[in-house]
Amino acid sequence: MTPFSDIRDYVGVPRVVSLRLSPDGTRLVSVVQALNPDGKSYGTALWEIPTDGREPYRLTRSVKGETGAEFTAEGDLLFCSRRPDPTVKEAEEEVSALWLLPRAGGEARQIASRPGGVTGIVTAGGNVVFGSDVLPGDEATEAERRKARKDNGVSAILHEDPLVRHWDHDLGPGEVRLFAGALGQDRLTGIRDLTPQPGKGLAFASWDLTPDGATVVTSWTVHLPGGEFGFHLAAIDVADGTRRILAEQDGHDFEGPVVSPDGRLVACVRSRRGTGEVATETVLWIVDLATGEGHVAGHVGDHDLWPVDFVWAPDSRSLYLAADHLGRRPIFRVPADGSEPVRLTADDGAYLSLQAAPDGSVYALRGAVDSPPTPVHVTADGTVETLPSPTPRLELPGTLTEVSVTADDGQTVRAWLVLPEGASEQSPAPLLLWIHGGPVATWNDWSWRWNPWIMAQNGYAVLLPDPCLSTGYGARMVQRGWANWGPRTHADLMAITDAALELPELDASRTAAMGGSFGGYMANWIAGHTDRFRAIVTHASLWHLEQFTGTSDASMYFQREFGPAGGRMYRELSPHLFLERISTPVLVVHGDKDYRVPVGEGLRLWWDLRRTGVESKFLYFPDENHWVLKPGNAVVWYETVLAFLAQHVLGREWKRPESLS
């Protein structure tokens, strides 16, 4: 399938989102996202992926879709869905409920519901634990109070702590609580509230159950001085709700707990809180569930692996860890005692959704810059076997290679380079420098939202660099750019761009730069520090740094690095200070529902560019968030960016995209 020539075809390609393996290792289920019949939104469904090579087949089919697949010990499949319950005569509010699809076959049935929905289901030892949003007050009247708010047109939320918004949604007026129940014959029985009055403690939490179903381990938000907050691990007794602190440490956060099969250990992510001098650092942390004692696992070479996904091996003596590493995301086998990890996969893949099988092999989704995620089986010796996928195989309009350079401080900086078909010394391609967000991130996986192959289809070579602040290269790589975003990152980006342009297949006279989020910040910085590019595209970008750090939903995180308002870094690192130097045409893109980088950044950038006479356009999405995800809007995004680049890089006449009409 080649969908890149028509972006409408591209946004309609189904995508595998996640995997779940049954406890006995005989069944593999995936969540697949695809266009809904109206073509205006995406829906999800559960698919079975036979492990014996047979073709995948669909398990669920509803208008509302299904997510959160989880197997019980007996092999029944639990999932969340907003589909209506046929056993309930009165229409209920459309919130997610808990459903069970019997292993023996038959129709799925609803086994639990809550007025505030059901999310985050885990099950073990006959118990099920899930999260639900609950309004403060008498739980018995919650449904009536929710209806009254809706009927009276009340949307106001009274906040008493700094946590107000997260990415693209509001926090409150309810609070997330954990509930537990026992698997009965027809329903979840004995459902009880494990965490009454948690405040915002579970607002960003994930949790897991011990194999006997007796203890749930969860991350927990704690308030810190100065309006900040952090995360520790808590262990909660499922029988009586008693909660104890399992892991906490000054200056560090603990998240993403996963309990070992023998119930003795908990693996989690420990993150050091960055300061103005010291960068954040993330490691795999192993905690003894009984004592709370912990240690780092996953130290390889001269640095600790940056964990992205992990799962325990069946013997509880090691874990399988997917970690960013030199532009890839391999699977490592990591001993729980902290000894040296072993790299399991040797290819260029970026692995996610790891599922450990009883025989010591691993099922996973394998993606890469040149491959959308597809289910694979990784044997104990690291052999990667591709499984039949519910999604089509894509033919790419070009090839992928690598470029590297030594920066002025001696650090190696590398990048992926997408070359379009036909690029040659006789017909060199224009170059698009595409800067990743984060800033603590990397280019190593397929992206449905930021896809370079659409650009390649239109004749552009695309450079995807990992400058300072990129993960997978050790702590020093992040530290190089910490609290020095603009200058250090700019030097790395220009060095790798110069190295790429030495290739005869690239046209150094026709270049553009673009990026989103932190990549948008760097696009703005580049615009104010060089005129070498013919066009700049800046998406969801930081423009006035001091304004941004006071209005972002993650203000705390950024102010740890840049300090309080009025500090030196704001006077040196804000792109708006270099407005008068900008002469390159700029396309500004922003969504109104973006709470990470509020739309005020895009509006102020747009106004400043217009005020100073810089040729520019503003692509505004009133109903989109940080990424612009709706199919129709994604089409507009790609078509407008391509039209802008064609005008300024290729010298064509501006043509307004038909998708905007």
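This is a predicted model: local features need pLDDT of at least 70, side-chain atom pairs count only at pLDDT 80 or more; totals for chains, interfaces and linings use all residues.
**Ring pairs overall.** I ran a search over the whole structure, and 27 aromatic pairs came back.

**Trp485 and Phe558.** I started with this pair. The ring centres of Trp485 and Phe558 are 6.3 Å apart and the planes meet at 80°, so I logged the pair as edge-to-face; the cut-off for that label is over 60 degrees. Then I looked up where the two residues sit. Trp485 is in helix H5 (residues 485-500) and Phe558 is in helix H8 (residues 555-562), so this contact ties together parts 73 residues apart in sequence. I checked burial too: Trp485 and Phe558 are both buried.

**Phe518 and Tyr521.** Next up was a stacked pair, Phe518 with Tyr521, at 5.8 Å centre to centre and 15° between the planes. Both residues belong to helix H6 (residues 518-527), where they are 3 residues apart, about one turn of the helix. Phe518 has a relative accessible area of 2%, so I put it down as buried. Tyr521 comes out at 0% relative accessibility and therefore counts as buried.

**The cluster.** What do these rings belong to? Trp485, Phe518, Tyr521 and Phe558 are among the members of one aromatic cluster.

**Charges over rings.** Last, I looked at arginines over tryptophans. Which ring does Arg83 lie over? Arg83 is over the face of Trp99, 5.1 Å from the ring centre. I also noted Arg243, whose charged end sits over the ring of Trp220 at 3.9 Å from its centre.

Terms used: Residues are numbered from 1 along each chain as its sequence is written. Side-chain values use heavy atoms; hydrogens and water are left out. Rings of Phe, Tyr and Trp (its six-membered ring) pair if their centres lie within 6.5 Å; planes under 30 degrees apart count as stacked, over 60 as edge-to-face and the rest as tilted. Helices (H or I, at least four residues) and strands (E, at least two) are DSSP runs, numbered from the N terminus. Buried means under 20% relative accessible area, exposed over 50%, partly exposed in between (1.4 Å probe, protein chains only). A charge sits over a ring if NZ of Lys or CZ of Arg is within 6 Å of the ring centre and within 35 degrees of the ring normal.
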